[in-house]
Amino acid sequence: MTERTPGFATLAVHAGAQPDPTTGARATPIYQTTSFVFDDVDHAASLFGLQTFGNIYTRIGNPTNAVLEERVAALEGGTAGLAVASGHAAQVVVMHVLMKPGDEFVASKKLYGGSINQFNHSFKNFGWNVVWADPDDIGTFERGITPKTKAIFIESIANPGGVITDIEAISAIAKRAGVPLIVDNTLATPYLCKPIEHGADVVVHSLTKFLGGHGNSIGGLIVDAGTFNWSREGRYPMLSQPRPEYNGIVLHETFGNFAFAIACRVLSLRDMGPALSPFNAFLILTGIETLPLRMARHCENTQAVAEWLAKHRKVAWVSYPGLPGDRYHNLAKKYAPNGAGAVFTFGLKGGYETGVKLVSNVKLFSHLANIGDTRSLIIHPASTTHKQLSDEQKTQAGAGPDVVRVSIGIEDKADIIGDLDQALEAA
Ligand SMILES: *Cc1c(COP(=O)(O)O)cnc(C)c1O
């Protein structure tokens, strides 16, 4: 009998986990310990020299976090994963392995606002320079490449929703340039889209959103696709040059198709330090067990809400790729055939004042700055996250005075629509 490859829902519950070998505990225990006892001096030496895999200190690795790493890597179809403290930490850790001061990377300008800030400002302090490209004009990625380019960074479904990126077209550009394609898959999750199947070399996540799924823990994760040749032309010295602190081993030579995940752990996480708490890993693992059920419900509810809003007399436009006629509808059918996610924006005919009244009158929706919760969430960017910008800057950032962003939860869809209905009437 040939063994069946487990399906996605089975992996979401089981990948990486087994009953605890000492106690038999069926749920993954929270290994709330900073450090781990060595068998003897030789064991310690081989752990520190990367000759043996094992636990040393929770900043570098922890058994609870290891289950989370293996589970997300399995769901994404990668070779290995690394859990870190937040989605933003995942981005810093990845770039720290790839970039030297003066290097560049090309990034889609349709990204989560926090990533735009991180790339524009904080990364500059490291001398890592972002070159912005437009996913609606793929040629801008190719034109952004220079001899200093070390990576391309995109989101699959881009936050604040409504944009589906053509991953295969951008992967072809990355391959021609000899640089890895990094895909932030936070909004899609591997349930809706698997970037590695479309040519991504590295996938990053904010676990804070749909993977954890309950709005209770910040976390991030990096998945190594195992596809990239890190030794080519010596462009990635952290992977292709001998490491003095590890007896001169060359990470790519020693660890092959999971060398990138190892480098992120033993160089970047070790030295930059954004370790994930095992308690958060436990909550996120529990969340992932129901990912397929939640995402199916999120998408079903979102489709219904978007269709209802599109017909509402106070609504000027709805930007959701699940709607036929949306400019990203065909890309959504290719990259996210089971649903275009649960985050989208719409425009109010009444502009700024109506937006403020809408978010002031919702009862079931929570007015806050997050996405990917079981609860339905709403924000009016022009009066909150983007308030400090001029009207022109707001519009450029997709946060014009009329724009409302929602993240649709898993409540009853009649209640979600009912709440928007009464708040729109009051607005
Ligand atoms: C929230 C988010 C991040 C940042 O993640 P944190 O866990 O908040 O650090 C990165 N990318 C996307 C698409 C996000 O939505």
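Guide: A salt bridge is a side-chain nitrogen of Lys or Arg within 4 Å of a carboxyl oxygen of Asp or Glu. The model is predicted: local features need pLDDT of at least 70 and side-chain atom pairs count only at pLDDT 80 or more, while totals for chains, interfaces and linings use all residues. Residues are numbered from 1 along each chain as its sequence is written, and side-chain values use heavy atoms, with hydrogens and water left out.

Visitor: Why is the pair Arg270 and Asp271 called a salt bridge?

Guide: The N to O distance between their side chains is 2.6 Å, which is within the limit, so the pair qualifies. Arg270 and Asp271 also belong to a salt-bridge network with Arg243 and Glu245. By the rule, the count comes to 16 salt bridges.

Visitor: What makes Arg270 buried or exposed?

Guide: Buried means under 20% relative accessible area, exposed over 50%, and partly exposed in between (1.4 Å probe, protein chains only). Arg270 has 19%, so Arg270 counts as buried.

Visitor: Which labels do Asp373 and Arg375 get?

Guide: Asp373 is buried because its relative accessibility is 6%, whereas Arg375, at 41%, is partly exposed. The two form a salt bridge, with the closest N and O atoms 3.1 Å apart.

Visitor: What makes Lys150 and Asp103 a link between distant parts of the chain?

Guide: Their closest N and O atoms are 2.9 Å apart, and the pair forms a salt bridge. Lys150 is in strand β4, Asp103 is in the loop between α4 (87–98) and β2 (104–108), and 47 residues separate them. Helices (H or I, at least four residues) and strands (E, at least two) are DSSP runs numbered from the N terminus. Lys150 is buried at 9%, and Asp103 is also called buried because its value is 9%.

Visitor: How many disulfides are there?

Guide: The count is zero. Cys193 is buried, with 3% relative accessible area, and Cys299 is buried with 5%.

Visitor: Why is the contact of Ser156 with Asn185 called polar?

Guide: Their side chains meet at 2.7 Å. A polar contact is a pair of N or O atoms within 3.5 Å; within protein, one must be able to donate a hydrogen and the other to accept it, and residues adjacent in sequence count only if both atoms are side-chain atoms. The distance falls within that limit, so the pair counts. Ser156 sits in the loop between β4 (149–155) and β5 (157–158), and is buried because its relative accessible area is 2%. Beyond four places in sequence, Ser156 is in contact (heavy atoms within 4.5 Å) with residues including Ile164, Val183 and Cys193.

Visitor: What joins domain 1 and domain 2?

Guide: Domain bounds come from an automatic or database domain assignment: domain 1 is 10–287 and domain 2 is 292–426. Two salt bridges are counted between the domains, and 11 residue pairs are in polar contact across the interface, both residues at pLDDT 80 or more.

Key
Disulfide = S-S within 2.5 Å.
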